[in-house]
Amino acid sequence: MAFATTNPRLHSLRWLRRRLLNRVFAAAYTAVILALLYHHALTLFQSTTFKSFCISFTIFVSDIILAYMWSTTQSFRMNPVSRQEYPENLEIFLDRKDFPAMDIFICTADPYKEPPVNVVNTALSVMAYDFPTEKLSVYVSDDGGSELTLFAFMEAAEFARIWLPFCKENNIIKRCPDAYFSSNYAQNPKTLEIKMKYDSMKTRVESVVEKGKVSDEYISNEKQHQALSKYWTKGFTRQSHPSVIQVLLDTKNDKDITENSMPNLVYVSREKSKATPHHFKAGALNALLRVSSIMTNAPIVLTLDCDMYSNDPSTLQRVLCYISDESIWPNLGYIQIPQHYHGLNKTDIYACEHKRLYQLNPPGMDGLDGPCYVGTGCFFRRLAFFGGPSSPVEPEFPEIGPNYIVNKPIMDQEILDQAQQVSGCNYENLSSWGSKIGFRYGSLSEDYYTGYRLQCEGWKSIFCDPNKPAFLGDVPISLHDVLNQNKRWAVGLLEVGFSKYSPLTFGIQTMGILMGQAYAHYAFWPIWSVPVTVYAFLPSLTFLNGIPIFPKVSDPWFLAYIFLFLGAYVQDCLDFTLAKGTFLRWWSDQRFWLIRGLSSYLFGSIEYITKILGISTHGFNVTSKVVDDEQSKRYNQGIFEFGVEFPMFVPLAMAAILNLIAFFYGGIVQIFKEGNLDGFFVQVFIAGFGVLNCLPIYEAMVLRSDKGRMPTRITIISTLLVGCLCVVASFVLKI
Ligand SMILES: O=c1ccn([C@@H]2O[C@H](COP(=O)(O)OP(=O)(O)O[C@H]3O[C@H](CO)[C@@H](O)[C@H](O)[C@H]3O)[C@@H](O)[C@H]2O)c(=O)[nH]1
Ligand SMILES: [Mn+2]
């Protein structure tokens, strides 16, 4: 049969050959780790003084943590797979009229940190998907409760009427207007006219944001006035206000300028009250889940952050390649498409690409039960939010359940009333939302936690990583923002790691050792701060006091250190560069791992501890997406942005100063005067490696005069603290 030979398929899966090599290497590496830990244990027992006991103990603990974290990474290396989709075959299997409906959720939380113009760009890019428009609904959650965002969407709804047909007729690939007009697009009267309209919308939105309110001259009709006036009632604030739900486009009634239908576009700002916890993004997404159930109840839900626009109009078709495969459908919970970023600088100084998290580890989990959910670019099956594949959980009433068939138009008053009700801030009281239903509460890393719980319930996930990135996102471009973002993750991850659902216990029990370990790897990221901090300070402090703490070069145990260090680094570098990474980006990535260890992970762990002790509370600090021109210029040149007096810079600056002193001063005294390189080689090497990694910090402290330099106060404080540390160490270590 001719058919059999051509054998059209929707997707394929390939086991990566490197998994065999990985396993052999893992066996050898494990043996050496165990041997070294045995050696440490012996040293510990044989230590004769309290001082040497303390030093050995610290190193032992650090190495156990490093070893444990290394063991968790093996889950990603045992079974990596690679998938490929064939969307061109889709319509052989599935008629276009049978495509399932899609509800797309976009979250925004603050019009000043997340400029509304960018949020509408994200929305326009997905509204223009190459998909039957009547099956597409875009829901925007505005946790900022801001008339500025609503106004931006009113403008966007109008602009969409010309933008969507333009994209479809001309087969435009970049359907995010801003991305399109910043590219090298064909300039003809038609495109120029559309650009003019886009610019005029942009200017209007930006000037409204600048003014901080929508003044009368911007309001074009009574309907808009009515919608916006909700914000002008007395007592309406961002933290306390009733729900505002506005259907901006209704696929049944609204037509674009070519008389074709448009997708639904619904703006939702859920009710907020200072007395009721709102659970940040997870709460926002749950409100959207319910509102969308009532209005459209599509079986597939895409979650998108407002800083991620669609870069490929055919992504939905690609995802349908999995969705329409009956062999994987029964247990399929979600399909995760990784984050890719635009605007990274050449060497990605803050390692914001997170290659390991978003690109290297997921194929490893995909070879097991499937990747984590990472908060954006993820297609969920609505059903997955309501209990496991074989243990469904019923919601409070059927209209918000996954099986409900919506039979009224979206603008029907009854629908609008119900939507208003389910987006109320007390709606979830005494319900299973956040615990058994919907996005899960209890962690600031709600994405990781939700995916984890769904997988524990038995849902599988799929990693889909098309060659052409399906979404492109923004990265924070100042060090302060990046460290804060990573600190938030650290707190959120520890919240899961030490909860009753800890991957170490609950996870391993329900999903097996490899999946449990994979999730534990992330949950315990922040404990890397312990070994990183120890290795940043202890070798230098002891070295300056003439105390050797590692085996001599002539000692056979020295080889174990060499093997473990080089083994981990070379493997990491190979993984990174084989996945289209450059060597310089890899260098930034490993450097930033050290930086995070000394800052975000350290502070995140402290914050987590103070929180469980009840000393402090913490919230979801939204990352700023506003770009300052000067900052962005420095970022593009690959220059670190310090600039502000930020406590997390202190341990970084301290480590930089201490290692520099140890490397030069200690190096000269010990090695040239006393000729003792053999005994101190590892310590000198670590200090030298520290210095090499800290080059941008010295530059920021001494050589730079721009606004992004290290604030003088931080340099002074850190120098004083290093001084104190050295004095204390010389007393303690000389005992
Ligand atoms: O109370 C809140 C706080 C945030 N958000 C939205 O959540 C998204 C992510 O926030 P952002 O400040 O951009 O955080 P990032 O650290 O960049 O986000 C990463 O980390 C988050 C978890 O910490 C995940 O939710 C994200 O998907 C993931 O990209 C944005 O769209 C926000 O508008 C809300 O809707 N409500
Ligand atoms: Mn973000």
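The legends below describe close-up views of a predicted model. Local features need pLDDT of at least 70 and side-chain atom pairs count only at pLDDT 80 or more, while totals for chains, interfaces and linings use all residues. Residues are numbered from 1 along each chain as its sequence is written, and chains are lettered from A and ligands numbered from 1 in the order in which they are written.

**View 1. The eight-stranded open sheet.** The strands follow the order β5-β6-β4-β3-β7-β11-β9-β14 with mixed pairing, where strands (E, at least two residues) and helices (H or I, at least four) are DSSP runs numbered from the N terminus and two strands pair if DSSP finds at least two bridges between them. Because β5 (244-249) and β14 (460-463) each have a single partner strand, one side of each edge strand is left without a neighbour in the sheet.

**View 2. Pairing of β7 with β11.** Strand β7 (residues 300-305) and strand β11 (residues 378-381) run in the antiparallel sense over four bridges, and Val301 stands opposite Phe380 in β11.
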